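Please look through the sequence and the model shown here before reading on. The briefing below goes through selected parts of the structure, topic by topic.

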Amino acid sequence: MGAALQPSLFDAAATRVLQWVVLRRWLALVVQTLPRALAALAAAVVLVWAGVIGAWAVLSLAAIWLAGTFAWMRRHQPGKYEALALWDQAGRRSEAFAAAWWFGQQQAPPSPMQQRHIDAQAAVLSEALPRLAQDLPLPLNRWLWAVPLLAALSLLGGVFQHRGVREEKLSDGMKQAAAKEAKELAGTDWQKKKLQGLTEQEKKDIEKLKQDIKSTAGDLQSA
């Protein structure tokens with residue numbers, strides 16, 4: 001690999017390491033604030049099931065918490081040199097990658113000694129990148145599963161809340177109208193209807209229609 005390409009190689013690696021470090025520190029902040037967030041989300045879920053608030057409130061609260069911690073972390077994120085230095089410390093490289101990146105970012109061309117350092121670390125970098133997640137593991141917590149669980153419970157509570165409102169509206173208005181229509185349909189005296197002038201096939205169709213309407217009327221009364 002040419003010497004001119006190696007600074008861009010380290011810069012691309014520094015970008016990748018920085019993104020991983022930001023994700024790692026964001027998850028650490030999430031885990032740090034997890035107990036209070038779970039308490040607030042659990043209280044909101046109880047209010048959803050009690051019918052005080054909608055399920056959107058729980059989802060909004062979770063979104064604000066996650067977005068807020070991520071925004072804070074991005075605002076205080078380290079630079080590329082610090083990210084590489086953190087990785088070097090975990091890999092016991094004494095800031096070897098960080099120094100190679102720094103030499104490549106200077107306006108003046110690297111000195112012969114600096115170039116030898118860049119060349120030597122470029123060969124090591126390709127082998128070290130696949131071990132990034134192993135060197136800097138994500139700080140996960142076993143209670144993180146409770147966040148999607150509470151979100152699902154809030155959505156389930158919202159479904160039951162909506163169903164209760166819909167059944168209440170039907171019982172007050174539409175069910176009474178449906179029962180009235182069913183009674184009128186069931187009481188229709190089809191035998192008194194004049195069917196003169198109809199063909200035999202049309203009379204059969206009318207007879208089938210009568211049976212269908214009576215069946216529908218029975219279903220409406222049962223509802």
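What follows is a set of notes on several helices, their packing and some individual residues.

This is a predicted model, in which local features need pLDDT of at least 70 and side-chain atom pairs count only at pLDDT 80 or more, while totals for chains, interfaces and linings use all residues. Residues are numbered from 1 along each chain as its sequence is written, and side-chain values use heavy atoms, with hydrogens and water left out.

**Helix 2 and what follows it**

- Leu 34, Ala 37, Leu 38, Leu 41, Ala 44, Val 45 and Val 48 of helix 2 are buried, where buried means under 20% relative accessible area, exposed means over 50% and partly exposed lies in between (1.4 Å probe, protein chains only).
- Seen down the axis of helix 2, these buried residues fall within an arc of 130 degrees, so they line one face of the helix; the arc is that of the directions from the helix axis to the C-beta atoms.
- On the other side of helix 2, Pro 35, Arg 36 and Val 46 are exposed.
- Ala 50 lies in the loop between helix 2 and helix 3 and counts as exposed, because its relative accessibility is 57%.
- Although Ala 50 and Gly 157 are 107 residues apart along the chain, their C-alpha atoms are separated by 8.6 Å.

**Ser 154 in helix 8**

- Ser 154 has its place in helix 8, which covers residues 146-186, and counts as buried at 0% relative accessibility.
- Leaving aside neighbours within four places in sequence, Ser 154 is in contact (heavy atoms within 4.5 Å) with Val 45, Val 48, Ala 55, Val 58 and Leu 59.

- Two packed helices are described by the angle between their axes and the distance between the axes.
- Helix 4 and helix 5 pack at an angle of about 155 degrees with their axes 7 Å apart, where axes are lines fitted to C-alpha atoms, for helices over the stretch in contact, and angles run from 0 to 180 degrees between N-to-C directions.
- Helix 4 and helix 5 are therefore roughly antiparallel to each other, given that angles under 35 degrees count as roughly parallel, over 145 as roughly antiparallel, 65 to 115 as roughly perpendicular and the rest as oblique.
- Helix 5 (residues 96-105) and helix 6 (residues 112-128) pack at an angle of about 125 degrees, with their axes 9 Å apart, and that makes helix 5 oblique to helix 6.
- Seven of the 10 residues of helix 5 are buried, so helix 5 is largely enclosed by the rest of the structure; among the buried residues are Phe 97, Trp 101 and Phe 103.

**The loop between helix 4 and helix 5**

- Most residues other than glycine have a negative phi.
- Ser 94, in the loop between helix 4 and helix 5, has a positive phi near 55 degrees although it is not a glycine, and Ser 94 is exposed, with a relative accessible area of 70%.
- Glu 95, found in the loop between helix 4 and helix 5, has a positive phi of about 60 degrees and is not a glycine, while its relative accessible area of 37% makes Glu 95 partly exposed.

Key:
Helices (H or I, at least four residues) and strands (E, at least two) are DSSP runs, numbered from the N terminus.
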